[in-house]
There are 4 protein chains.
Amino acid sequence: MQFASDNWAGAAPQIIDAMAEEAQRYAGAYGTSERDASMAELFGSVFEREVAVFFVATGTAANSIALAAVDRPGGVVLCHAHSHIEADECGAVSFQTGGSRLRQLSGKLGKISASDIGSEIGTFSPDFVHGGQAMAVSITQATEVGTTYSLDEIAAVSEVARSAGLPLHMDGARFANALVALNVSPAEMTWKAGVDLLSFGGTKNGCVAAEAIVVFNPELAEQLPYLRMRAGHLFSKMRFVSAQFEAYLKDSLWLDLATHANAMADLLRDVIRSSGKADLAWPTATNEVFVSMPEGLAERLRESGAAFHNWPPTEDFEPTGDRILVRLVTSFATTPDDIAAFADLIRG
Amino acid sequence: MQFASDNWAGAAPQIIDAMAEEAQRYAGAYGTSERDASMAELFGSVFEREVAVFFVATGTAANSIALAAVDRPGGVVLCHAHSHIEADECGAVSFQTGGSRLRQLSGKLGKISASDIGSEIGTFSPDFVHGGQAMAVSITQATEVGTTYSLDEIAAVSEVARSAGLPLHMDGARFANALVALNVSPAEMTWKAGVDLLSFGGTKNGCVAAEAIVVFNPELAEQLPYLRMRAGHLFSKMRFVSAQFEAYLKDSLWLDLATHANAMADLLRDVIRSSGKADLAWPTATNEVFVSMPEGLAERLRESGAAFHNWPPTEDFEPTGDRILVRLVTSFATTPDDIAAFADLIRG
Amino acid sequence: MQFASDNWAGAAPQIIDAMAEEAQRYAGAYGTSERDASMAELFGSVFEREVAVFFVATGTAANSIALAAVDRPGGVVLCHAHSHIEADECGAVSFQTGGSRLRQLSGKLGKISASDIGSEIGTFSPDFVHGGQAMAVSITQATEVGTTYSLDEIAAVSEVARSAGLPLHMDGARFANALVALNVSPAEMTWKAGVDLLSFGGTKNGCVAAEAIVVFNPELAEQLPYLRMRAGHLFSKMRFVSAQFEAYLKDSLWLDLATHANAMADLLRDVIRSSGKADLAWPTATNEVFVSMPEGLAERLRESGAAFHNWPPTEDFEPTGDRILVRLVTSFATTPDDIAAFADLIRG
Amino acid sequence: MQFASDNWAGAAPQIIDAMAEEAQRYAGAYGTSERDASMAELFGSVFEREVAVFFVATGTAANSIALAAVDRPGGVVLCHAHSHIEADECGAVSFQTGGSRLRQLSGKLGKISASDIGSEIGTFSPDFVHGGQAMAVSITQATEVGTTYSLDEIAAVSEVARSAGLPLHMDGARFANALVALNVSPAEMTWKAGVDLLSFGGTKNGCVAAEAIVVFNPELAEQLPYLRMRAGHLFSKMRFVSAQFEAYLKDSLWLDLATHANAMADLLRDVIRSSGKADLAWPTATNEVFVSMPEGLAERLRESGAAFHNWPPTEDFEPTGDRILVRLVTSFATTPDDIAAFADLIRG
């Protein structure tokens with residue numbers, strides 16, 4: 001019963017098969033192969049418009065290099081206080097930009113509101129150069145706490161950003177999980193709602209290592225080949241990433257994998273709700289489930305083989321008494337049997 | 001007949017098999033799995049001493065992050081004018097260090113001499129802060145032109161570096177090819193000869209994407225976890241890199257692959273020497289073969305399906321008349337049939 | 001009645017005289033003159049121990065380059081949320097370090113507590129490289145809101161920093177004002193209390209442009225000549241800064257100027273206290289006075305020629321009703337007549 | 001007889017007088033005073049067009065921050081191998097840009113030719129991202145070896161730069177000396193000849209510390225307020241720099257000072273030419289004189305009180321036999337008596 005992280009899952013067989021097939025042939029290095037060349041079209045068909053695509057090694061690289069593409073000196077990115085770029089990337093954005101900063105906004109359920117963003121933007125002024133300048137807004141979809149921005153919420157954020165001349169970046173490490181949870185199209189959840197730059201993650205959803213920066217505003221793509229290369233993220237055998245993405249995006253594998261992960265999380269949510277021993281800390285519809293349970297129960301579950309992480313208290317939930325907050329994550333690899341076994345365990 | 005680059009080859013089946021096996025299980029992310037944890041010991045056994053090992057996405061990342069670990073403000077890395085870090089990495093060292101520079105030394109056969117390094121170090125002085133300060137020496141083994149530093153040459157370079165308090169970095173993108181060409185041990189070619197930091201490349205020699213920074217001086221390893229993380233090079237599913245390296249290093253696969261590539265290059269060198277139509281531009285013993293041939297011949301070979309790159313004139317060889325300089329690279333994937341077919345072609 | 005900022009004052013005549021005298025002779029450039037060479041000794045006598053001293057152009061440069069001297073990759077400086085380095089320097093620390101970050105702690109009266117610093121340090125762990133690493137603690141003396149850390153408070157902060165292996169930096173833009181307010185020695189307020197690096201400001205207290213990084217821990221000074229040079233802060237005619245500091249520090253001019261400024265602020269505080277129309281927002285003993293007054297009064301004072309800035313609400317004081325918060329700053333140039341005129345005005 | 005450097009001279013009395021006057025009044029900090037506000041107009045009148053002007057602490061800051069304004073990732077600035085930005089600024093350009101590089105071109109008499117620049121630009125290609133991208137051309141006027149680019153030469157360089165979409169930067173540390181030597185207008189020597197960005201130096205020509213970035217292309221000025229602020233180069237009492245520049249530029253003081261320095265150098269050149277004991281190494285018309293003389297003579301001159309620096313051999317002059325190469329620099333402070341005394345000395 002492995003619920004520690006979707007990063008702990010292996011890789012989908014279709015992904016490995018595609019890599020194995022790729023291994024048997026010669027092809028151009030550094031993104032010059034035919035398969036590499038077909039990627040822009042493949043992503044274009046997924047997003048229903050022309051896009052520029054840049055593969056990098058990790059989600060951290062995708063986020064920080066995407067934001068480096070919109071860097072301004074003394075620049076400040078507005079983001080949620082719990083966002084991955086703030087809390088979990090060792091200052092990567094500040095590093096890739098040579099010193100830009102993140103301004104952390106708080107917000108319920110992992111989301112920052114358009115009005116809070118607007119207020120914060122208003123604190124900057126060209127007359128007060130000491131304060132620096134806003135350079136971008138970054139949101140995470142699905143959020144770090146398993147929730148999703150609705151299309152309207154994204155549009156409201158992008159409207160505020162756009163009216164201030166700021167690009168909107170979306171960290172989509174769990175893009176697919178959010179997409180199937182919302183039941184919308186990739187286009188609707190991104191550029192149609194005003195997203196300029198997307199970190200599109202495949203790794204958590206069944207790939208080995210497949211992360212892409214997708215650029216909807218062609219101007220912002222101009223410097224990305226150099227930003228990626230100088231950062232050491234241009235794979236010599238990039239076609240092995242292309243092969244992963246081809247398998248991932250063709251025949252809707254990615255949507256199937258995410259649908260499955262979310263469905264397993266639905267089962268898990270049902271188990272929690274009906275357990276009488278633990279509670280959902282807040283509602284989620286993706287593959288992350290946040291649960292309040294007695295510390296003793298968590299201990300017992302772990303002793304019996306269930307793996308999951310404790311989670312720090314948030315503005316959305318502060319456990320009291322003997323309760324603690326934990327996170328359970330499902331993935332493409334989670335099985336109904338895993339959930340059933342967990343259900344048996346929790347029932348005791 | 002694919003001689004464009006060893007980067008154009010696919011991947012060895014043992015490497016893919018290891019990844020496929022890894023795909024089927026859960027394990028800790030970000031280098032926390034048991035397999036990841038065993039890597040230091042595995043590399044330690046290969047190098048016959050305790051080492052610290054950091055996997056990254058590319059050779060450019062390995063070089064630039066390794067050198068960032070020895071950065072000094074106003075720092076200058078001494079290297080060959082044709083070195084990969086100078087000519088082919090988009091300023092990655094300057095980027096990762098936030099502004100350090102490379103000082104290009106010339107030298108025959110892709111190598112810089114201990115005495116030239118010593119003279120150059122002598123141009124820096126703490127009394128002339130305007131000039132900056134030397135921070136490291138970097139050599140490439142095998143070199144960019146297919147040659148190798150002998151153990152004595154490495155020791156001489158490291159002696160000069162050490163006496164000036166400078167660490168010695170080795171770019172080992174083709175480490176294995178050099179090693180088997182010299183018929184020495186990994187320990188002899190590195191720390192026993194005074195190398196402090198090594199970029200250890202597996203990708204060109206049959207891996208999908210397997211590059212490591214190997215640190216022989218433990219002090220230099222202290223900051224590398226942070227240098228790697230902030231640069232976006234900590235893979236979430238790092239164990240897929242570990243799996244590659246395990247397959248690569250166990251049972252001497254890496255040496256077998258390099259021995260094969262070099263042997264294919266030996267055959268190719270024989271073909272050139274006996275062709276009567278082309279000549280070796282300079283002697284090499286690794287998997288790169290530099291050839292002077294009439295432009296018309298190159299054209300004819302390409303039309304018949306041989307793939308290889310032109311090479312710019314160097315201080316070692318300046319083609320005259322109708323001659324041009326070309327580079328032929330063999331790999332683990334090259335077959336005796338490829339060489340035989342090329343031999344037939346060149347004979348006309 | 002100029003109370004906008006001590007930065008709005010001109011320069012003390014002794015400072016200008018020293019520069020005028022310096023203008024008449026030849027001397028070595030880039031800090032090689034005899035006067036430049038005497039600076040370490042001069043500062044050493046002021047601080048009663050050997051120190052290293054580096055002049056730079058601005059307080060922002062002093063702060064950011066001092067902190068660059070203790071940079072670590074993924075590094076985080078702990079500081080007050082209202083500190084100058086966080087709020088007023090356009091991300092200079094992040095820039096000079098190539099990407100380190102500031103962690104803002106809140107705290108009453110502009111001060112961060114040893115226990116809060118300790119708790120925050122505890123959130124970092126080498127096992128969670130994603131979070132980065134603490135690299136320094138920075139405090140401001142006098143603080144941004146005119147208060148001072150007592151010697152015991154500084155010692156408590158330094159104790160927490162030291163036990164975590166972190167250097168302690170002090171932003172001393174108004175060092176002299178704090179010193180005379182506390183009536184202690186420079187040594188007591190710095191290295192004897194555990195300060196490792198000091199930004200020592202002369203500009204606000206009567207100089208034209210005289211800012212120094214003073215280093216008490218010799219190891220931390222090693223790279224500063226290069227850090228300063230690469231940042232463009234090594235003045236060619238540095239001796240004009242040395243001349244300022246010589247005039248400033250000799251015969252206690254600096255203490256006299258600060259004593260005067262503080263005394264003028266004392267008079268101002270008396271005026272406010274006895275005005276019946278405005279109140280001190282919180283107690284200060286340096287040259288900054290924070291006042292709560294009706295907006296209409298502020299308007300009237302300004303119309304009559306008093307210059308001062310509005311100040312945003314803080315955790316220490318949130319004005320209510322028709323009240324606003326304003327800041328009045330005295331300087332070496334403030335006269336008793338200025339205060340008397342202001343007293344007349346406020347009385348109406 | 002002080003010929004070590006124009007940096008060794010003090011400051012012109014008019015400059016000091018302006019600062020002394022400024023010291024006696026209050027005025028807005030950080031460039032907000034009326035005097036500061038008048039600077040754009042003052043420089044505009046000097047350059048006969050609208051310009052943006054940014055004061056910084058040093059020439060190194062001016063050069064590196066100006067080039068940071070035109071930074072591109074993986075960027076390469078083309079410059080002379082002996083240029084100040086390459087040889088004497090501790091990697092400041094690479095630092096301010098977070099990793100851009102300089103490509104050193106050789107060229108006679110301190111100048112790079114339009115055709116060499118064109119060839120070098122041709123080595124970059126968007127198809128070879130590994131090589132980075134050209135980002136600017138930088139020339140020095142007067143050059144590091146005392147010569148000047150003619151208007152035609154500047155125009156030819158700018159034509160090549162412009163046709164490749166690259167901005168042209170001019171390092172004008174000795175701008176005034178070049179200007180009066182060529183007898184042209186500031187407009188002719190800059191934007192009319194295609195210069196986009198100018199480092200305009202006043203310090204070497206009689207100021208205390210007065211360096212400006214002058215921007216002729218308004219787009220390039222947009223980010224400079226932030227680039228300067230984050231680098232710690234926004235003086236709080238900027239008006240003391242403005243006061244210097246006002247005195248410097250008004251009533252042609254700057255031209256008078258440079259005319260005098262050049263005239264003193266003319267006298268010195270005459271002395272050398274007619275000495276029979278030393279020779280001009282190459283012709284110059286500015287305030288730097290490069291001389292070939294017997295080592296013994298140099299020794300004797302120094303013993304008798306003449307101060308000057310040895311100069312390394314260049315592509316323009318390689319001393320032979322007992323000869324060495326030395327540099328003599330005149331300044332606003334040099335007197336005819338100094339020259340006469342030197343003439344007496346050299347005659348023996």
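Begin in chain A by selecting A:Glu21, A:Glu22, A:Arg25, A:Arg35, A:Arg239, A:Glu246 and A:Lys250, which are linked in a network of salt bridges, a salt bridge being a side-chain nitrogen of Lys or Arg within 4 Å of a carboxyl oxygen of Asp or Glu. This is a predicted model, in which local features need pLDDT of at least 70 and side-chain atom pairs count only at pLDDT 80 or more, while totals for chains, interfaces and linings use all residues. Residues are numbered from 1 along each chain as its sequence is written, chains are lettered from A and ligands numbered from 1 in the order in which they are written, and side-chain values use heavy atoms, with hydrogens and water left out.

Next, move to chain D and select D:Glu246 and D:Arg35, whose side chains form a salt bridge at 3.0 Å, N to O. D:Glu246 belongs to helix α13 and D:Arg35 to helix α2 (residues 34-37) of chain D, so this pair ties together parts that are 211 residues apart in sequence; helices (H or I, at least four residues) and strands (E, at least two) are DSSP runs, numbered from the N terminus. D:Glu246 is buried, at 16% relative accessibility, and D:Arg35 is buried too, at 17%, where buried means under 20% relative accessible area, exposed over 50%, and partly exposed in between (1.4 Å probe, protein chains only).

For a contrasting pair, select B:Arg273 and B:Asp270, which form a salt bridge with their closest N and O atoms 3.0 Å apart. They stand three residues apart in helix α14 (residues 253-273) of chain B, separated by about one helical turn. B:Arg273 is exposed, with a relative accessible area of 54%, whereas B:Asp270 is partly exposed, at 42%.

Now turn to helix α1 (residues 13-22) of chain C, where C:Ile15, C:Ile16, C:Ala18, C:Met19 and C:Glu22 are buried. Seen down the axis of this helix, the buried residues fall within an arc of 160° (taken from the directions from the helix axis to the C-beta atoms), so they line one face. The face turned away from that buried side carries the exposed residues C:Pro13 and C:Asp17.

Finally, show chains C and B together, which bury about 1500 Å² between them, 68% of it on carbon and sulfur atoms; buried area is the accessible area (1.4 Å probe) that two parts lose on being put together, summed over both. Select C:Pro73, C:Val129 and C:Tyr226, which supply 41% of the area that chain C buries against chain B, more than any other three residues. Across this interface of chain C and chain B, the rule finds zero salt bridges.
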